[in-house]
Structures are given as C-alpha cells and as structure tokens.
Amino acid sequence: MNIDKDLVAAMATPLVLAILVEGTSYGYAILKRVRELSGGEVEWTDGMLYPLLHRLERLGYVRAEWGVSPEGRRRKYYEVTDDGRAQLADQRKQWATANRTLGGLWELAAPTPAGASA
Amino acid sequence: MNSLEDQIGEWRAAILRGGGVDATDAEELEGHLREQISDLESSGLAADEAFLIAVRRLGQVDLITAEFAREHSDRLWKQLVISHPADESRRPLLTMLGFAALTAVLIQVARLLAGVTQIESAWFLRDVSLFVLPVLAAYFAVLRRIPWVWAVVLGSIVAVLALAVNLFPFAPGASTNLLVAIHLPIVLWFVVGVAYVGGDLRSSAARMNFIRFTGEWLIYYALIALGGAVLLGLTALVLEPIAPGGTDEVFEWVLPSGAAGAVIVAAWLVEAKKNVIENIAPVLTAIFTPLFAVMLLVAAIGYAITGVGREFDRDLLIVFDILLLVVLGLVLYGISARNSTGKAGLADVLRLTAVGAAIVLDALVLVSMLARISEFGFTANRVAALGVNLLLLVNLAVTVWLIVRLLARRSPAIRLERWQTGYLPVFAGWVVLVVLALPPLFRFA
C-alpha cells in the first residue's frame with residue numbers, strides 16, 4: 001500500500017523533526033530512517049527532503065552545521081532546536097486528535113480490516 | 001570511474017541551472033547522490049546503473065529545483081533566469097508600453113482639467129497621483145491576473161479616495177490639503193502593493209517582495225529621472241540657437257508625460273531586471289548602514305551631553321520623521337538581503353547601533369515636542385508629524401528588541417522580517433486616516 005502524496009506531505013515535518021529528536025543527523029540518513037520506519041510504504045522523492053530541511057532551518061526548528069563524514073566528505077548535519085521540539089509536541093497533539101477522530105468513526109462503521117491493525 | 005565523475009558533474013550543472021539551488025545546496029545534494037551510489041554499488045550494481053537509480057530516487061531535476069526555488073524565493077529575486085520562449089517575449093514589453101502611454105495621456109488630461117478649473121497648481125499637485133498610480137496598480141492587476149473581486153475592491157477604493165479628496169471643502173491654502181497631497185500617493189502606493197502581491201495579502205514573503213520592489217523601484221525611477229534631466233537639459237542647449245525660448249512649451253508637455261510614463265517603465269524594469277543584476281537597495285544599505293550608525297551615535301551622544309537646548313519646532317520633527325524613515329529603510333533593505341538562515345553578525349550589530357541611537361535621539365526630541373504641543377494645542381500638521389513619529393518609534397523599538405534577541409541567538413531572523421511585514425497594515429491604516437479623517441476633524445483648515 002502506498003500512502004497518498006498529500007498525506008506524506010502533511011507528515012513530512014513531524015516525521016523529520018521526530019527523527020532529529022532521536023539525534024543529530026543528515027539528509028541521507030534521515031531518508032534511510034524514514035524507509036526503515038515505514039517499511040518502504042512512505043514513498044518520498046529524496047530531493048524534496050532538502051528544501052523541507054531548509055524551511056525548518058529558516059523557521060528556527062532545526063540548526064544546521066557543516067561537518068565531515070567518516071569518509072572525509074563535507075556533510076551538512078541537522079540538529080533539532082527547542083522551538084523544533086515545541087513544534088513537534090504541537091503537531092503530535094494535532095495528529096493524535098485527527099487519529100482519535102477518524103478512529104472513533106471507523107470503529108463505529110466497520111470492524112478493522114484485516115492486517116491494518118497496529 | 002571517470003565517466004561516473006563526468007555524469008555527476010553534468011547532473012550538478014543541471015541542478016545549478018536556474019539559480020534556485022546554490023553551490024552549497026548542490027554540494028549537499030551531491031553528497032546524498034554519492035552516498036546513494038556507493039550504497040547501491042556495494043549491493044552489486046555497476047557504477048552507471050547505480051548512478052541512474054540514485055538520480056531517479058533523488059527526483060526529477062526540474063521538480064527539485066522548483067521546490068528549492070519555492071523555499072528560497074529570495075535567491076530567485078537575485079538571479080532567476082526566466083526562460084522566455086522567443087515568440088512570447090514581446091508581450092510583456094507591449095503591455096508595459098501600453099500602460100505607460102495610458103498614464104502619459106491621462107496626465108495631460110489632468111493638466112487640461114487643471115487649466116479649466118482655474119485652481120491649477122493646488123489641485124494638480126494634490127490629485128496628480130490619482131492619474132498615475134492607479135494605472136500602475138492596473139498594470140500589476142493585469143500582469144498578476146488578480147481575481148475580479150480584488151479588481152473591483154481596488155477600483156472602488158481608488159474611486160472613494162478620488163471622490164473624497166475632491167469633495168472635501170478645503171479652505172484656500174489649507175494645511176490639511178497639503179497633508180492630503182503628501183499622503184494620497186502613499187495610500188495609492190499601498191493599492192499598488194495589493195495588486196503587486198496579486199491579492200495574496202496574508203503571505204509575509206509576498207509582502208517582503210513588495211518591500212523589495214518599492215526600494216528597487218525608487219532607485220530605478222531616480223536613475224530614469226536623471227537620464228531624463230540630462231536629455232531635456234541637452235535638448236534645450238542644442239535647440240537654443242535655432243529656436244530661442246521655443247523649447248519651454250514643448251517641455252511643459254514632455255516633462256509631465258515622461259515623469260508619469262517612467263513610473264510604469266521603472267516598475268517593469270524592476271520586474272524584468274531583478275534577474276539580471278543584484279538588487280541595488282541592499283547594496284546601498286550595506287554601504288550606508290555603518291555611516292548612519294556613526295552619525296547617529298555621535299548625534300545621540302552630542303544631544304545627551306549638551307541637552308536639547310534650542311526650541312523644537314514642527315520642521316525639526318519632520319526632519320526626525322525622515323531620519324526614522326531612512327533608518328527603517330536601512331533595516332528593511334538590510335534584512336531583505338539577509339540570508340534567512342545565516343548567523344547574526346557584524347551587520348546586525350551595526351544595524352542595532354543605528355536603530356538604537358535613532359530611538360534615543362527621537363525620544364529626546366519627542367519629549368520636548370510633547371511639551372510644546374501641550375502648550376499650543378494640536379493642529380493637523382502636528383498630529384500628522386507626531387503620528388508618523390510615534391508609529392516609527394514603536395516599529396523601531398520592537399526592531400531593536402528583535403535584533404538583540406537575534407544576536408543572542410534567541411530568535412531566528414524570520415521574526416524580524418515578520419514583524420516588519422506585519423507592520424505594513426499599520427502604516428497603511430495611518431495614511432488612510434490622514435487622508436480621510438484628518439481634514440474633517442480639523443474642519444478642512
């Protein structure tokens with residue numbers, strides 16, 4: 001099952017922030033983590049991550065710093081800020097609400113389809 | 001292996017084309033690409049296959065650059081290469097020339113009307129902007145294809161303004177008449193602003209673009225005016241021997257139309273050339289911010305030591321209004337060119353010095369001014385001068401606070417930008433108030 005494009009776009013910010021809360025990271029590693037977490041079901045055009053990261057940086061949710069990879073190439077590392085954490089907490093609440101709202105309806109309408117239960 | 005390097009080089013060049021992606025972004029993306037390639041290679045793919053898959057995963061080049069361009073629109077503002085198809089490239093030019101000709105004709109109509117109504121100079125000076133700036137707004141409305149609703153709203157605003165200022169029974173030589181003459185162009189400039197952003201009033205980025213546009217427009221207009229002055233001066237000198245005195249009448253026709261048409265031409269130039277050269281306003285700002293900082297600091301210290309000795313009058317308050325406006329301009333165009341994610345630096349310290357000193361100076365002047373007003377009472381002029389001063393003071397005080405926080409790394413630069421773009425409606429509201437409310441309040445005196 002592939003997740004709808006708009007839904008992926010809506011998920012992007014909290015997803016990236018949540019991954020960065022786990023620790024400072026860089027673009028390629030963040031995408032690997034996304035694939036790992038979603039089992040490949042969240043389809044993401046890799047290049048689109050970077051404008052998103054830059055937007056988060058501009059809004060002050062992450063800090064970026066150039067560092068050096070173990071292989072000696074220059075690499076840009078991203079670290080979540082306090083503002084970013086606050087934003088993540090806020091988004092998390094919104095997602096929980098959305099989840100609860102839809103969940104309530106779906107429980108009423110029909111039993112959970114096989115394989116979709118968490 | 002060499003061919004892989006070539007391929008990566010080509011891909012990199014493609015990403016950089018268009019200006020939305022800068023060198024450091026390209027480096028970041030290239031790092032990603034290389035890592036992906038080496039991962040794929042280690043799982044057994046040949047180098048060229050790995051390259052193809054890695055590029056594909058990264059996404060289509062034009063989609064990525066478009067996304068970067070959306071995020072970094074300030075960069076585009078500097079160097080977007082608009083790729084015009086050859087057959088379409090004439091149309092914007094023709095549109096511009098049409099609107100320029102329209103306002104050039106309208107200004108002559110205004111001149112004839114002024115001649116007929118026999119109240120020539122006062123009426124013409126007050127209403128002249130009504131014959132020029134709405135045309136500029138219409139030009140942008142057409143260019144941006146703004147929704148009909150907005151076109152109607154803007155048209156009605158202009159109509160209300162035109163009716164109001166012309167139906168007000170101003171006393172002869174009334175100072176409120178002069179105030180309207182000064183403030184009406186600014187109100188109309190905000191109308192132009194609404195058309196410029198295509199009705200997208202909520203967007204802070206769009207408002208910032210309008211601020212950038214305003215600065216660049218002023219500079220282009222000044223340049224065109226200089227060129228026009230040279231042309232007219234030389235014409236007069238060249239024709240003087242064969243037609244003594246005969247050139248004056250021609251100039252009376254040429255000058256107003258040229259000045260009005262140049263309003264549209266300058267706007268078109270800003271839009272068309274923003275891709276060709278760096279913006280000029282930020283460059284001027286970079287040169288003058290340190291100089292103003294020194295001047296203001298010296299003046300503030302001077303005033304603080306000698307005290308506010310001499311009598312303050314309205315003229316001096318106007319001088320200080322202009323000073324604060326210039327300082328605000330320095331701040332605006334300084335931050336408009338600021339790399340939005342860049343670290344705070346020396347430029348911010350200089351800005352802080354300039355704004356801080358300006359506020360201290362202005363506060364000293366205001367205190368003595370307030371004392372005078374309480375002595376002699378309010379007039380329309382004093383209210384207008386004082387109102388602008390207070391508005392600017394509040395704006396700059398918050399600006400200082402935000403720059404301090406920026407330097408302490410407590411808040412991102414975007415707050416400063418948001419504050420300035422968010423303040424635009426306050427200015428707009430004030431000038432509307434001066435044009436529509438002050439004259440009746442002071443009985444058109």
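1. Two strands pair if DSSP finds at least two bridges between them. Strands (E, at least two residues) and helices (H or I, at least four residues) are DSSP runs, numbered from the N terminus. By that rule, β1(A) and β3(A) are joined by 2 bridges and run antiparallel.

2. A word on the source. This is a predicted model, in which local features need pLDDT of at least 70, side-chain atom pairs count only at pLDDT 80 or more, and totals for chains, interfaces and linings use all residues. Residues are numbered from 1 along each chain as its sequence is written, while chains are lettered from A and ligands numbered from 1 in the order in which they are written.

3. The sheet in chain A is open and has 3 strands, in the order β1-β3-β2, with antiparallel pairing. Its edge strands are β1 (25–26) and β2 (62–68), each pairing on one side only. Strands of a sheet pair through backbone hydrogen bonds, either parallel or antiparallel.

4. Now the bridges. Antiparallel β2(A) and β3(A) share 7 of them. A:Arg63 faces A:Glu79 of β3(A). A:Ala64 has A:Tyr78 as its bridge partner, and A:Gly67 lies opposite A:Arg75. A:Tyr78 is also the bridge partner of A:Ser25.

5. The hairpin of β2(A) and β3(A) has 5 residues between the strands. There A:Gly72 takes a positive phi near 90°.

6. In chain B, look at α16 (residues 380–407). This helix has 28 residues and spans 40 Å from first C-alpha to last, close to the expected 40 Å. The expected span is 1.5 Å times one less than the number of residues. After α16(B) comes B:Arg409, with a positive phi near 60°.

7. Buried residues of α16(B) include B:Ala384, B:Val388, B:Leu392, B:Leu396 and B:Thr399. Buried means 20 or more other C-beta atoms, placed from the backbone, within 10 Å of the residue's own. An α-helix has 3.6 residues a turn, so residues three or four places apart point the same way.

Definitions and conventions: Buried ≥ 20, exposed ≤ 12 C-beta atoms within 10 Å, placed from the backbone.
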